[in-house]
Amino acid sequence: MITLESLGSMDFKRRHGINHAYVAGSMVRGISSVNMVVNMAKAGFLGYFGTGALRLPTIEKALLEIKAALPNDEPWGMNLLSNAASLQAELDTVDLFLRHDVKRVEASAYMQITPALVLYRAKGLRYAKNGEIKIENFLLAKLSRPEIATIFLEPAPEKIVKTLLGDGRISAEQAEIIRKIPMADDICVEADSGGHTDMGVMSTLLPAIARLRDEIVARHNYITSVCVGGAGGIGTPEAAATAFILGADFILTGSINQSTAESGTSDAVKDILQQINVQDTGYCPSGSLFELGAKTQVVKKGVFFPARANKLYDLWRTYDSIEEIDLKTRNQIQDKYFKRSFEEVWKETYAYYLKAAPDEAAKAAANPKQKMAMIFRWYFVHSMRLAMDGTPGQKIDYQIHCGPALGAFNQWVKDTELQDWRKRRVADIALKLLEATVELLNTRIAELSSPAEVHSIRA
């Protein structure tokens with residue numbers, strides 16, 4: 001008999017001091033909010049605050065609020081989003097986490113191990129009096145590719161360890177220990193999901209990465225386990241059950257948490273999200289990885305953003321400068337998409353990059369195609385702000401990251417008290433989903449154990 005307590009890995013639950021193998025993943029700009037993280041922790045779950053696209057003072061304010069609301073060492077964490085354009089920005093964020101003793105970090109969108117990740121990991125390492133290794137800074141890596149899983153399953157890169165040691169940022173003891181452990185305690189295999197996605201399939205990804213985990217852990221003879229969880233498309237008991245049957249040590253949800261009372265997005269967005277079905281999301285270019293052609297999954301029902309975003313990307317691929325685009329199209333973009341001139345957008349964007357990434361600003365100013373990319377990327381930032389603020393009259397330009405899991409969830413809770421997002425609480429959803437998953441699994445196992453009987457009853 002499967003029970004609520006038997007779902008998932010006991011190692012994962014013990015490591016984080018939680019009752020259930022269920023995580024509310026981070027969502028950018030504080031959509032996974034302070035209230036969301038706090039309420040999950042109080043209910044025996046783990047949640048991560050979404051730091052993406054937020055400035056350090058805002059992140060600091062959020063983590064201090066979380067700490068104040070959870071004085072009894074309840075589990076919670078902060079997201080660390082990869083910032084390939086500024087490794088220093090990553091280090092600054094990690095320094096903030098270390099200063100405030102943040103014990104759990106969710107690393108997302110990483111393609112390689114960076115000094116910031118190694119620094120965070122190393123600073124939580126020490127030997128106990130009996131010689132045992134103590135790990136106090138826990139790292140959960142969200143990823144969707146086996147080669148990225150490999151770098152988080154291996155120890156930290158030696159070059160980075162030596163540099164941090166030489167700079168006096170870590171001790172000799174920490175450098176020694178980090179060579180003996182994996183970079184991540186936990187790996188979350190992210191299948192096709194809202195926001196940035198590689199459009200992976202959980203049934204193929206999760207078992208492959210779990211086997212990779214087994215191989216690397218055995219080769220290094222690690223003293224601790226590395227848990228592998230599943231995310232992407234989880235919005236119903238059937239989806240959660242699939243993840244656990246595939247061997248997930250835990251599950252992580254995202255899209256279904258957006259349309260809740262605790263979500264940090266606008267009421268206008270929540271009203272849209274409450275109405276979507278499984279077919280109401282689509283793909284468009286990622287604003288942060290625009291030139292690479294990476295994809296983001298967003299709501300397409302009732303908005304023009306996906307079509308406009310794809311149009312901008314097609315124009316960037318076709319032309320080498322904005323001036324090459326025909327006048328009618330240029331006017332359409334300025335009047336209908338941006339509602340301001342290219343010159344105004346460039347002035348605002350250049351001023352921002354001049355402070356945040358001066359090298360990028362200089363390159364764009366000298367390269368018309370790169371300048372065009374920077375101007376077009378502004379629309380992606382702007383459209384997300386419109387959605388977060390719930391700006392009236394501009395709903396068609398809302399950029400709302402979401403996967404079909406929320407559409408499935410909406411159908412599952414239709415005609416129940418959870419149909420209205422104002423009555424949705426993240427921890428209540430988590431518990432309801434797990435309880436229904438247990439019931440479903442036990443029913444399916446019973447049916448499969450006596451197929452002849454079940455067949456005759458159905459007949």
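Is K180 buried, partly exposed or exposed? At 42% relative accessibility, K180 counts as partly exposed. Buried means under 20% relative accessible area, exposed means over 50%, and partly exposed lies in between (1.4 Å probe, protein chains only).

## About the model

This is a predicted model: local features need pLDDT of at least 70, side-chain atom pairs count only at pLDDT 80 or more, and totals for chains, interfaces and linings use all residues. Residues are numbered from 1 along each chain as its sequence is written, and side-chain values use heavy atoms, with hydrogens and water left out.

## Salt bridges

Side chains of opposite charge can pair when their charged atoms come close. A salt bridge here is a side-chain nitrogen of Lys or Arg within 4 Å of a carboxyl oxygen of Asp or Glu. The whole structure holds 23 of them.

K180 has a partner. Its side chain meets that of E176 in a salt bridge, 3.5 Å from N to O. E176 is partly exposed, at 38% relative accessible area.

## Bridges between distant parts

R179 pairs with E158, and their closest N and O atoms are 2.8 Å apart. This pair links distant parts of the chain. R179 sits in the loop between α8 (172–178) and β8 (186–190), while E158 belongs to helix α7 (residues 158–166), 21 residues apart. Helices (H or I, at least four residues) and strands (E, at least two) are DSSP runs, numbered from the N terminus. R179 is partly exposed at 35% relative accessibility. E158 is partly exposed too, at 32%.

K339 and D397 form another salt bridge, at 3.9 Å from N to O. K339 lies in the loop between α14 (327–338) and α15 (342–356), and D397 in the loop between α17 (368–389) and α18 (405–412), so the pair ties together parts 58 residues apart in sequence. K339 is partly exposed, with a relative accessible area of 44%. D397 is buried, at 0%.

## A network

Salt bridges can also join up. E154, E215 and R219 are linked in a network of them.

## Two packed helices

Helix α2 (residues 34–42) packs against helix α19 (residues 426–449). The angle is about 45°, and the axes are 8 Å apart. Axes are lines fitted to C-alpha atoms, for helices over the stretch in contact, and angles run from 0 to 180 degrees between N-to-C directions. Angles under 35 degrees count as roughly parallel, over 145 as roughly antiparallel, 65 to 115 as roughly perpendicular and the rest as oblique. The two helices, α2 and α19, are therefore oblique to each other.

Which residues of α2 and α19 meet? M36, N39 and M40 in α2 meet V426, A427 and A430 in α19, where contact means heavy atoms within 4.5 Å.
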